[in-house]
Amino acid sequence: MTLHHNLIAGEWVGSNGVENINPSNTNEIVGLYATASADDAKTAIAAAKAAFPAWSRSGILERHAILKKTADEILARKEELGNLLAREEGKTLPEAIGETIRAAQIFDFFAGEALRLAGEVLPSARPNIGVEITREPIGVIGIITPWNFPIAIPAWKIAPALCYGNTVVFKPAELVPGCSWAIADILNRAGLPKGVLNLVMGKGSVVGQAMLDSPDLAGITFTGSTGTGKRVAASSIEHNRKFQLEMGGKNPMVVLDDADLTVAVEAAANSGFFSTGQRCTASSRLIVTEGIHDKFVAALTEKLKTLVVDDALKAGTHIGPVVDERQLATDTDYIAIGRQEGAKLAFGGETITRENPGFYLQPTLFTEATNQMRISREEIFGPVASVIRVKDYEEALSVANDTPFGLSAGIATTSLKHATHFKRNSEAGMVMVNLPTAGVDFHVPFGGRKASSFGSREQGKYAAEFFTVVKTAYTLA
Ligand code: NDP
């Protein structure tokens with residue numbers, strides 16, 4: 001089987017390989033991918049540092065052309081890359097193709113942003129002096145990504161980093177190196193100069209840690225668990241560098257008595273269970289007012305019965321497998337915890353077998369949960385959601401905000417008054433009305449509050465806040 005190498009200083013290097021296993025069929029090896037050492041990470045950082053002066057002064061047409069070419073190739077290969085994504089991560093083929101299209105849209109957006117770089121010219125407070133405010137790249141950016149969006153998250157960090165003139169050392173999650181390797185290959189062939197993008201696949205505890213320990217990274221952008229996020233933060237403060245963290249969520253979906261039942265059930269089923277619940281924007285707390293509670297639980301349970309859990313590539317599959325054995329164990333542990341805590345198992349809760357060996361779990365719904373239970377407070381990251389019964393809108397809002405996290409929040413209602421109040425008073429970074437808590441656009445800011453996020457927003461033009469630094473220049477006329 002061909003070994004996919006790391007890309008360091010423009011060369012494909014590396015010998016040791018790890019197998020990328022398909023969670024829908026653990027007998028299938030998706031590919032063999034090199035593992036970098038801590039020294040490889042240091043070499044990659046040195047290469048990115050050496051490439052920075054030239055790339056930071058490269059022309060906007062060159063950056064535009066490379067990012068546009070990358071977008072075009074990803075789009076042209078959406079079926080093939082979507083297939084790779086579905087096989088390495090386990091989300092269904094339509095979801096995987098959708099994510100691939102989104103990655104292309106992100107590269108396309110930042111190809112355009114390269115042409116729209118702008119500053120400000122202002123009069124000074126003093127006579128005969130002009131003031132210019134410009135944005136400059138910050139230097140070498142370390143990019144560390146999780147396994148749940150193997151192509152979109154790398155895209156939304158790499159594209160703005162390169163667009164604004166930074167160089168990159170990129171470490172994808174060890175579980176899903178395939179799409180990241182493909183992005184590096186496409187950018188390399190699109191004409192990126194040597195050393196501008198370095199790919200170092202391998203273990204977080206080795207390669208990621210070497211990045212955290214380096215004094216030569218000007219910034220680290222990270223998505224993953226709260227624990228690793230804290231390490232990124234601590235090391236970044238020690239090295240006086242910028243950092244941006246996207247971490248967990250425990251996103252609420254409020255359903256009010258006046259909700260359109262069909263809209264509410266579709267939004268809850270999508271938020272809680274699609275992509276196997278492995279989205280930081282997934283909703284695992286369904287907060288439902290008394291008047292609609294029983295009807296909603298009955299309708300959602302009926303809906304869950306219709307969802308097919310199977311191989312990610314099979315036509316008709318709604319929910320693919322859990323990503324790996326460790327995450328499956330986490331999910332089933334939380335299901336046991338929910339039972340012990342006294343929540344009622346209304347649907348699912350069991351692992352299931354399919355034609356091929358894989359990590360299959362039924363969508364699982366608890367009812368009669370309270371907001372103090374561990375299943376309501378801790379991120380599970382699987383197809384598991386709980387219904388919390390509340391008296392009215394005021395209690396629903398209070399429960400929705402009573403969480404350490406603040407990424408996304410949703411409300412199903414036909415009341416303009418409550419929708420408007422919820423948008424203003426939710427303590428989440430993203431609020432959805434009559435829509436799932438997951439599923440966002442590529443051209444507008446993404447991010448949360450409280451323990452979910454730290455630093456400036458990702459995506460859209462707001463990405464410039466992290467990937468550039470502002471300079472103020474004064475000139476005597
Ligand atoms: P991690 O935080 O461990 O992994 C995220 C990234 O950080 C991976 O690339 C990982 O590498 C890397 N990493 C791990 N340790 C270090 C380190 N010491 N220094 C630098 N980088 C490191 O999350 P997991 O993938 O293990 O997922 C665990 C939980 O995190 C999930 O169950 C979920 O709750 C949450 N999560 C949240 C996500 C979100 O989008 N908010 C996304 C994914 C997970 P490697 O792959 O080699 O471990």
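The ligand sits in the largest pocket, where "sits" means more than half of its atoms lie within 2 Å of the pocket's grid points. A pocket here is an open set of points on a 1 Å grid over the protein atoms alone, where a 1.4 Å probe fits, with protein on both sides within 12 Å along at least five of seven lines. Keep in mind that this is a predicted model: local features need pLDDT of at least 70, side-chain atom pairs count only at pLDDT 80 or more, and totals for linings use all residues. Residues are numbered from 1 along each chain, and side-chain values use heavy atoms, without hydrogens or water.

**Who's around the ligand**
- You'll find 28 residues surrounding the ligand, and Thr145, Gly204, Ser225, Met247 and Glu379 are the closest (a residue is near if a heavy atom lies within 4 Å).
- By class, that shell has ten nonpolar, twelve polar and six charged residues, with Gly counted as polar.
- Helix α7 (204-212) is one of the elements giving two or more residues, and α7 gives the most, with four.

**Polar contacts (N or O pairs within 3.5 Å)**
- The side chain of Gln209 has an N or O atom 3.0 Å from a ligand nitrogen.
- Ligand oxygens are 2.8 Å from such an atom in Thr228's side chain and 3.0 Å from one in Gln327's.

Terms used: Polar contact = N/O pair within 3.5 Å; in protein donor to acceptor, adjacent residues only side chain to side chain. 1 Å grid on protein atoms, 1.4 Å probe; cavity = no way out; pocket = protein on both sides within 12 Å on 5 of 7 lines; lining within 4 Å.
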